[in-house]
Amino acid sequence: MVTETQKLIHNVLDTKYEAFNKEVLRDAKRQVIDLIGTMVSGYNGPGNSALFDLVRQWGGRGEATVLVHGDKVPLPHAAMMNSLQGRSYDFECTGPDAFGQNEGMFPGHVQSSTVPAALSVAEYVGASGKDLISAVILGGDMAARIAFVEGMGFDHPFDLVGTVNAFGVAGLTARLMGLNENQVMNSFGILANMVAGSFRSLWDGVMTFKLYGAMAARNGIIATLMAKKGFTGLKDPLFGPQGFFESYCPKPYHPEFMNRDLGKEFYVKSRHKKYPSCQGNHNIIDCGLDILKEHDINADDIKEIII
């Protein structure tokens with residue numbers, strides 16, 4: 001009997017480029033353009049130089065490029081740094097949006113890990129443009145589907161960016177590197193021991209808010225490389241006893257949400273931001289700008305703002 005996890009894995013490994021319609025391809029390309037822009041503009045964000053100094057200190061084989069800096073570093077480090085840069089100002093696209101049977105759900109910031117990782121892995125393996133776009137679509141779709149099982153909640157202990165993103169990265173890396181089902185299952189089993197990311201980072205206003213997405217990019221690649229070498233992980237990494245969902249996700253969670261319309265619909269359409277901030281702030285920013293247009297307001301005269 002084929003399990004739901006096996007179905008999800010085969011979707012990312014076996015789906016052909018020809019399965020994607022024009023809208024899906026357009027949305028994937030927009031993701032790539034968006035993230036390249038935020039990786040470039042966010043290269044010097046707070047804390048980035050501290051981690052990059054360590055990456056340079058560690059050295060190693062030049063396998064993939066850190067954007068803007070131009071350094072070639074080991075593949076997991078390149079994906080980590082590119083993701084960190086892209087997430088630095090919370091300016092990257094969010095989503096992908098859910099529709100169809102899963103309409104109304106939100107998987108967080110999937111692309112902040114999957115797109116930088118896909119670009120790094122594609123460079124490493126010498127992938128074609130079609131291979132890159134396929135990986136972006138299917139890795140993001142996989143991460144979003146795992147997120148829908150849990151559901152988004154700011155009261156959850158773990159941020160989805162630090163957990164489900166890693167599985168999407170593992171899936172796209174496996175596709176680009178030609179792994180099989182058993183190897184991907186092992187990479188998931190390894191990741192169940194590596195994912196993390198405390199939501200407290202947001203409320204404390206600290207640099208780690210962007211770190212766990214970068215670690216998801218790094219760890220997804222490391223887990224896949226380990227599995228390719230024969231390292232084993234949990235046998236039922238997602239749904240098994242003490243697996244990912246049981247260990248990380250508040251109950252009730254909904255396994256039936258994961259594979260709805262699998263292979264027929266692809267979660268790739270994203271929300272592209274106007275401002276470098278959480279999208280939840282955008283209405284407030286627009287409101288403030290509209291008030292400024294209508295009234296002659298001197299910032300020095302403002303004593304208090306009540307929302």
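Predicted model: local features only at pLDDT ≥ 70, side-chain atom pairs only at ≥ 80, totals over all residues.
Figure 1. Not counting residues up to four places away in sequence, F167 touches M142, I146, F188, L191, A192, V195, L238 and F244. This phenylalanine lies in helix α7. Because its relative accessibility is 0%, below the 20% limit, F167 counts as buried.

**Figure 2. Packing of helix α7 against helix α8.** Two packed helices are described by the angle between their axes and by the distance between the axes. For helix α7 (residues 160-177) and helix α8 (residues 181-191), the angle is about 155 degrees and the axes are 10 Å apart. The angle is over 145 degrees, so α7 is roughly antiparallel to α8. The crossing of α7 with α8 is right-handed. On the α7 side the contact is made by A166, F167, A170 and A174, and on the α8 side by V184, S187, F188 and L191. By residue class, this contact comprises seven nonpolar residues, one polar residue and no charged residue.

**Figure 3. Packing of helix α6 against helix α7.** The axes of helix α6 (residues 129-150) and α7 come within 8 Å and cross at roughly 145 degrees. This crossing is right-handed. Helix α6 contributes D131, S134, A135, L138, G139, M142, A143, I146, A147 and E150 to the contact, while α7 contributes L160, V164, N165, F167, G168, G171, L172, R175 and L176. The contact residues divide into eleven nonpolar, five polar and three charged. F167 is listed in the contact of α7 with α6 and also in the contact of α7 with α8.

Figure 4. With a relative accessible area of 1%, N48 is buried. Its side chain reaches the backbone oxygen of G42 at 2.8 Å. The N48 side chain also makes a polar contact with the side chain of K210, at 2.8 Å. When neighbours within four places in sequence are left aside, the residues in contact with N48 are G42, Y43, M81, L84, Q85, S88 and K210.

**Figure 5. H282 in helix α12.** H282 is part of helix α12 (residues 282-294). This histidine is buried, its relative accessible area being 6%. The side chain of H282 reaches the backbone oxygen of Y275 at 3.2 Å. Apart from neighbours within four places in sequence, H282 is in contact with K273, K274, Y275 and S277.

**Figure 6. Backbone geometry in loops.** Most residues other than glycine have a negative phi, and most peptide bonds are trans. The peptide bond from G95 to P96 is cis, with omega near 10 degrees; P96 is located in the loop between α4 (75-87) and α5 (111-125). A cis peptide bond also joins K251 and P252, where omega is about 0 degrees. P252 lies in the loop between α11 (244-248) and α12. V68, although not a glycine, has a positive phi of about 75 degrees. This valine is placed in the loop between β1 (64-65) and β2 (72-73) and is partly exposed, with a relative accessible area of 45%. D90 is likewise not a glycine and has a positive phi of about 55 degrees. The position of D90 is in the loop between α4 and α5, and at 13% relative accessibility D90 counts as buried.

Terms used. Residues numbered from 1 in each chain as written. Heavy atoms only, no water. Buried < 20%, exposed > 50% of the residue type's maximum accessible area, 1.4 Å probe, protein only. Polar contact = N/O pair within 3.5 Å; in protein donor to acceptor, adjacent residues only side chain to side chain. Contact = heavy atoms within 4.5 Å. Axes fitted to C-alpha atoms, helices over the stretch in contact; angles between N-to-C directions. Helix = DSSP H or I, 4+ residues; strand = E, 2+ residues; numbered from the N terminus. Parallel < 35°, antiparallel > 145°, perpendicular 65-115°, else oblique. Left-handed = near helix turned anticlockwise from the far one by under 90°. Nonpolar A, V, L, I, M, F, W, Y, C, P; charged D, E, K, R; others polar.
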